[in-house]
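Here is a short report for a reader meeting this structure for the first time. Please look over the sequence and the 3D view before reading on.

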Amino acid sequence: MSWDPGRLSVAMRTAAAAGLMGWIALLSWRGLVEQAPPFIGSTLFAAVLVAVTGALVRGVRLPWYAAVLAQLVVVLGWLHHHARVGGQLDGWLPTAASIGRLVDRIHAGATDVNRYSSPISADHPDAVLYLLAAGILVLLAVDLIACGLRQPPWSGLPVIITVTIPISVLDGGLPWPVFIGTALAFVMLLAVAETDRMLSWGQAVTGHRPRPGQPEKVFGRASARGRALQIGALTTASALVLPIFVPVAHGLLDRAKNGGSHGVSEHVTLVNPLVNLRRDLIAQDHVALLRAHTNSTDPTYLRTTVLDEFDGTDWLPASRNLPETNVAAGRLPDPAGIDSSTPGVTSAWDLQITPDFTTTWLPIPYSTRTISIDRGDWRYAVNTLDIADTDTVVPVGVQYHLTAFAPTIDPVALNAADPAPETVQVPMTSLPTGVPAEVRTIARQVTAAGTTPYAKAVLLQDWFRDKGGFTYSLQPASGNGMAQLTRFITTDKVGYCEQFAAAMAIMARALGIPARVAVGFLAPTSTRSPGVYTYTSDDLHAWPEIYFRDSGWVRFEPTPSVRTGRPPPWTRGVTGQPQPVLPTTVPNTVKPRPLPKNVHRPSPTVQHGAGSSHRLPISVGLLVLLLLAAAVPRLVRNAQRGRRLRPREDARAEVADLWKELRATVLDLGVTWPQGRSVREIAAVLIRQTRADGEDALALEEFVEVVERARYAATFELDDAARAAMRAALERWSILLTSVLAPSSARWAGWMPRSVFERRAAMAAELDERSSSLTEVN
């Protein structure tokens, strides 16, 4: 290990450029939290720590993994101190307990980020800590790729992932200063890395002499950086301006309006609305979202969408098939179990979505028979009968008229219903393997007295509402996923409609009863005009639906009466007589409070493609992992090449590395490498195989002569001329060997170098060569 000031200077420049690029990209996250200044300052300090630590370690010629280890120790030690979670020496020396507290805070921050809408308030400081920890991972990844593995172009991958997060979460998209700054920093990083690499070769030969009286131009760092800034400015400006002239694209400066944009596709994936429900219920700001005029005696339970898939963490809307033939206009299909002969009550509705409610789902009663919508491309899904907009820009202030049908539901028929068809039973009782056995056991215990699916569903509902000791609150215990749901069922027993609906649906599925979760509005606020109601953000609600053959999907209500009033009459057990639909929640007649001005409450949006909103980041992550995995062989090979071409104090070792690089190049390009031969015999075989002559053959012969002297001479020194000649010969033969291949084969060899995968064969060849060398000496 030796100190090299020149190497330290190079490492510091590259690390500074990489750290600057990563930090500017992290500025795109400042809109995720209200405490933006502390986050910006903390990530800047972390970027400095990562850059300085990595440069110092690389300055003493330690391998890249030593730099990563040192960076982890330094930056995580600072994060531990910064989080104020205890430990010794003011938090600089962690203990097992303090590390546990740090992990708990980061986990709690992740829960807050998932639970609350952006920007997350200052009441949740753990969210800032979580984003800081995630930002440190970004900075480490950028530094590792750009400086450790010396692949600056690939360092753009974590940066792309970083700036994608706010694009998919925040309404404003990516701020243009962040885009420009990141782009210029990336170009500057490439310029610094390439400038240092070129200048390490010495002064370039221009091939011409300066004119008399004109000073000779010398290529240096200043000129390279100037050109880099010019190129960066030009490319960045092009990225901003050129899309404006392309009619099918939107430039970066063209901010998305009305909730964003969506592609045109028949298969549509809907974003999970529970995130918005959770945010708006907790806010309790009484924002008017929907106005209705109806002759219905029961204006409760307007449904927006159905969550029919549970992934082990959240209830999600499965992918919807929305072809052009499913336009929501005129007569809609009847739900399962309902037809023209089903008894019930019909009502007329006129509804208007307020400007404060940008929604891609249309709130409608279940079921809706006919509908007319004044604008937008609205389509219904056959299996769920929820209606989604597939426009590029979601329309605002939509007005629509519909006729609804409330069927008479007979609890006797529900109790006597035959098993659901397999097309419903299989997908609607599916649960991931991660559901704890404890949840299934409690579901069986609670419903032990029930002999039919209906009786079991009634027992579950009663347990949540009255007999299980549950409390309704908008401040449930922290956490998410199955762990939080298990605690809700077993110990905490505090939550709001999301927890009650999700828990009952999961327990019903655990008993083999088809179940799903619906999201919409509970009960509106009455106005002074008869039959006119206002649905606000406080009225958002979630409830489970249970499937019964010949009746279809039936609403249950496990949320306690303090929120929902009496449960639906058909869910109170068998009475022997059919019970018609009656109001289950009395509309609120309290005078509405003044509405906040200029409040925008974005609703769930439609995203096209497979998966859900939670699956989109996972899909992007898997794609990035696949790209990184495909790039690993190339990255490893480039790292090997850089190490072998590096000047060394031991001249024999340097020559041996150059010979290894020649052998690796030959193997990569699929040319036969003779084993068990002397270096001169190997050179002769290569010359015959490539039919090289003239300067190519002479260059290889001189290369071999130096290798032989390094191996066999009693004393050996490598002067600058011989070193330059060997490197030139290596480059010449790399070009020659590549030229004999087809372009596609050469590109494949670059991405999948065989020498990386034939390590053992290469080592065996090296041992054979050494053995033959010893034989020649003897």
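## Confidence

This is a predicted model. The protein chain has an average pLDDT of 77. A score of at least 70 is reached by 75% of the residues.

Two stretches call for care. Residues 242-270 stay under 50 in pLDDT. The model still gives them 69 contacts beyond four places in sequence. Residues 767-778 are also below 50. That stretch has 16 contacts in the model beyond near neighbours in sequence. Where pLDDT is low, predicted coordinates should not be read in detail.

## Nonpolar cores

In soluble globular proteins, nonpolar side chains tend to be buried together. Here the largest nonpolar core holds 46 residues. Which of its residues touch the most other members? They are W29, W78, L79 and I136.

Six helices each supply at least two residues of this core: α1 (5-26), α2 (36-59), α3 (64-83), α5 (125-148), α6 (156-169) and α7 (176-199). The largest share comes from α5, with 13 residues. I136 shows some of the links: leaving out residues up to four places away in sequence, I136 touches A46, V75, W78 and L79. A second core is separate and has 45 residues. Among them are Y496, F500, V517 and W570.

## A seven-stranded sheet

Seven strands form an open sheet with antiparallel pairing. Their order is β7-β10-β13-β8-β2-β18-β17. Strands β7 (330-331) and β17 (525-526) are the edges, and each pairs on one side only.

Look inside the sheet at β2 (residues 288-294) and β8 (residues 344-353). These two strands pair in the antiparallel sense, over five bridges. H293 stands opposite D350 of β8.

## The loop residue D377

Where does D377 lie? D377 sits in the loop that runs between β10 (368-373) and β11 (378-380). Strand β10 is also a member of the seven-stranded sheet.

Is D377 buried, partly exposed or exposed? D377 is partly exposed, because its relative accessible area is 22%, and buried means under 20%. The side chains of D377 and R379 are joined by a polar contact of 2.8 Å.

Neighbours within four places aside, D377 is in contact with A388, D389, T390 and D391. D391 is 14 residues away from D377 along the chain, yet their C-alpha atoms are separated by 5.6 Å.

Note on methods. Residues numbered from 1 in each chain as written. Predicted model: local features only at pLDDT ≥ 70, side-chain atom pairs only at ≥ 80, totals over all residues. Heavy atoms only, no water. Pairing = 2+ DSSP bridges. Helix = DSSP H or I, 4+ residues; strand = E, 2+ residues; numbered from the N terminus. Buried < 20%, exposed > 50% of the residue type's maximum accessible area, 1.4 Å probe, protein only. Contact = heavy atoms within 4.5 Å. Polar contact = N/O pair within 3.5 Å; in protein donor to acceptor, adjacent residues only side chain to side chain. Core = buried A, V, L, I, M, F, W, Y, C linked by side-chain atoms within 4.5 Å. pLDDT = per-residue confidence, 0-100.
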